[in-house]
Every structure is written in structure tokens, then in C-alpha cells.
Amino acid sequence: MKTDAPWPSLSQARGRVLGMQAKLHRWSTGDTTARFDDLFNLVVDPAFMVMAWERVAGNRGARTAGVDRVTARSITAEGPAAVAAFLTDLREQVKSGAFAPAPVRQRLIPKSPGKYRRLGIPTVADRVVQACLMLVLEPIFEADFHPSSYGFRPRRRAWDAVAEVQMFASRSYEWILEGDITACFDEIDHTALMGRVRRRIGDKRVLALIKAFLKAGILSEDQVHRESNTGTPQGGILSPLLANIALEVLDEHFAQVWASTSPTRVDRSRRRRHGLPVYRLVRYADDFVVLVSGTREHAEALREQVSDVLAPMGLRLSPEKTTVVHIDDGFDFLGFRIQRHRKPGSGKRYVYTFAAKKSVASIRRKVKAITKQGTNHALGDLLHQLNPVLRGWTAYFRHAVAKATFGHLRHYTWNRVIRWLRLKHRKSGWKALRRRYGPTGWWPRDGETTLFDPASVTVTRYRYRGVIPSRWAALAQIA
């Protein structure tokens, strides 16, 4: 692709990038051993950089600055000329070899009471270059990724992973190994990871860029610079892809076991008759379960097997959090509770998905935190904070058995908002509050803004999609 062309429009860039991605994916799929030696020109191609900038400037991270305190929003606010100048300067730096990633700014994000997740925030320039690398590398490695992997991949969702678990658990895969990898994003071995990247990428300048991002370092909240000798910090655009490349060792292992022992229904039936297990892996990023058609002992034996597979990548299982459970006892996966129950009014048992207790506790904490911020602002401002949180949570769980849970959340949220109103208007009675904030009933409203009702969300079953074609394979079929 020509790399000295002027900056294209967004529509022109999108067409050129999708076309080249489709070619890369087709070449990678056609030859599983091929190494790509001339990719750097694509990384600095104007079309790829325009698409990368659109991604960086179009998400919520545009408001967040790295160590240089520059945000994508501030560059955009200066106008198209400032954006073009920024991209031109960045492109020249990368082409000349003068570009060097800055340390990521680390922030601790509350995960659950007493626990935090480390989030790395790269500079805007680093994000754009990472996005360029992502646009080039993703279609190549997507050809290698196995269908058992769902996290951070195009056209795949957490619902697909849960639906696959539900499908297999309904078909005699009753024992489950819940895997928990200790600090996965922090402990990936760089040498092993780069070795897997080199299987497909032969361009030394692209490999140097990837390694530079891995070794960029971390600026912690106490303003201390720390080296990053292992791991790929969460928060970078490239990090999920690199994590999937590393964790592909797990997918490869179980795919080989399946292909060698259980490729056909006859093979699986024969193994079951002889008391031998059949395994299926379902992974979403670093969260995974192995479903076992066999006994508890077969599932327990997988601990050591999985540990041996992960060890070369510098990863290890958490002994305390890696457990073996039966589907009748249930387990949590991606925020859902998956468990087999007897259907009311019948003797049949089915595998159901619910919102896990931790997920319900999490949304309650968020609602409580928002309604405890004080009463010095209008009800409309409070509702503008609450509504997106409630919509997002209910949208995620709308395919679970969640109608009663949504009703509980409706009652809890209403209670918290009404309590907030009583504190704000201590001298007003119920009738006065109702006239002001509930003209059509007791449901809170301020002007045109109404409190979102979780119970109004329709609960529907999510259908298992089976084989999911990649984005570029789907484009080829349409063409």
C-alpha cells in the first residue's frame, strides 16, 4: 500500500483499511505457517493512522491523559489542522525510528471491596501507534485463534461464552474446573510472548515497536517509575491482543486434546463407555472454565495439566481460587451464576443463568455511592448519573433469568432516590415531593429526565450461535 499519500477522509480510510485487513486475514488463513515480513509500511500508512486516531479520539479514554498530560479531546478541540499536524509529526517519528513509548500512568481502579485492578494509561501518541499495530496484527492472529476463545475479539461477546458453557453443561459436561490465573496481565513472560508473536511476524521494525511498548515502564500513583519486565499493562489498546496471543497456549492444548481423542461423536461415546473423560474449554480473556464429561477425579487432574501448559508463559493458577464444582452446585462466570435446577412444575432439570450475587452487590454499591454524594445538586443531575449505570447493567444481564432481579433493583433504586429527596427537602412532606417530582405517580422525574426503570427491561433468551465467522470472513462472503 502506498504510504506517501495525503491524509484520506474517514470513509476513504475505512475502505482501504478493511480491504487490506481482509487480504491479511485471507493470507494468514491460507497458510498457517506464513510469516509477514513487510508490515511496517502499513503501520505508518495514512489510512491506518486516520482509523487509529478515530478509535482513540472516539472513546471515553479521549478525556484521559497519560504521563504527558495531553488528551485526545484537547487536540480535537484545536481543530482538524491540529489533528493533521499531530498525526504528521507522529508518523514522521515512527518512520524515522525516533519514536519511543512513554511509561504508562498507572491508576488503581476499585474492583470489589478491598480489591483493586491496575489500569495503565498510555499517552495519546502511544495509543495511536498501538491502535495502528492492532489494525495490522489483529486480522493475522485472528486466523490462528481458536473458537473456544471469546474475550476481546471482534464479533464475539461474553454472552457467547456463557451460552457455550450452558450448552455443554446441558449435554453431560457436568464437572467444571474454574480457572483463575494469578495477575495474568502483570506476569506474562515477555520472552515467551515475543516468541509466539515471531511465529507470524517477521518484520523487525514491527517487533521492535511491540517490544518497546512491553518495556515502556510504569509511572505509579506515588510518582515512582518502575520497570515493566513482565506483563502487558491493562488499559493499552494492544494489551488484549497480546494477552490473547499468550493465552492461546491454553486453547491450543485443549484443541489438540480434542482433535486427538474426541473428534467425532463415536470417539466421545467410546471414551465415556470406557470411563475416560472428554474436555471442553471456554475462555474469555484470562477467565476460563474447563467442562468435563467424566468424574470429579478427572476434573481435579486438570489442575496440574493446566498449570504445566501456562508455566512457559510465566503464568500460574491461583490454588485458592481454582476450584472444581458440579453443575448442580453452580459456579460464577463473567458475572453470571450458571447452575442446574429442576424446572418448577416438572421433573426435568435445566441449566439456567442468573445474575451472580457479586454482580447484584456491585450494582447496589454503585447506586448507593451515587445517591450518597450529597444533595447540593438537582434531581436531574442525579438521574443523569444513575440512568447509564442502570441501563448498562440490565442490558448485560437481560439474557439471564433476571426478571425478579430487575424488580429488586427497581425497588432498591427507587428507595435510594426517595431517601435522597427526603434529605434534600427535609421540610417538605410526601404530597409536596410527589407534586414536584412525581406528577404521574411516585416514579421520580425532573423535567424531561425520568429515573430508568430496571423492571421495564425485557428478558430474552440468548441463542447459542455455534461457529462464529470472523469479521473479515463475513466481509468476504458479502462481497
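**Exercise 1.** State which helices and strands each supply at least two residues of the lining of the second largest pocket.

*Solution.* Step 1: the contributing elements are helix H1 (10–30), helix H11 (239–261), strand S6 (278–284) and helix H18 (471–478). Helices (H or I, at least four residues) and strands (E, at least two) are DSSP runs, numbered from the N terminus. This is a predicted model, in which local features need pLDDT of at least 70, side-chain atom pairs count only at pLDDT 80 or more, and totals for chains, interfaces and linings use all residues. Residues are numbered from 1 along each chain as its sequence is written, and side-chain values use heavy atoms, without hydrogens and water.

Step 1: by class, this lining holds 18 nonpolar, six polar and seven charged residues. Asp, Glu, Lys and Arg count as charged; Ala, Val, Leu, Ile, Met, Phe, Trp, Tyr, Cys and Pro as nonpolar; the others, Gly among them, as polar.

**Exercise 2.** Describe how helix H14 and helix H15 pack.

*Solution.* Step 1: H14 (residues 357–370) and H15 (residues 379–396) meet at an angle of about 170 degrees, their axes 10 Å apart. Axes are lines fitted to C-alpha atoms, for helices over the stretch in contact, and angles run from 0 to 180 degrees between N-to-C directions.

Step 1: H14 is therefore roughly antiparallel to H15, a term for angles over 145 degrees.

Step 2: the contact (heavy atoms within 4.5 Å) involves residues including Ile363 and Val367 of H14 and Leu386 and Trp393 of H15. Its residues comprise nine nonpolar, two polar and one charged.

**Exercise 3.** Determine which residues of H6 and H10 make their contact.

*Solution.* Step 1: helix H6 (residues 124–142) and helix H10 (residues 204–214) pack at about 130 degrees, with axes 11 Å apart.

Step 1: Asp126, Val129, Gln130, Leu133 and Leu137 of H6 meet Val206, Leu209, Ile210 and Phe213 of H10.

Technical notes: Parallel < 35°, antiparallel > 145°, perpendicular 65-115°, else oblique.
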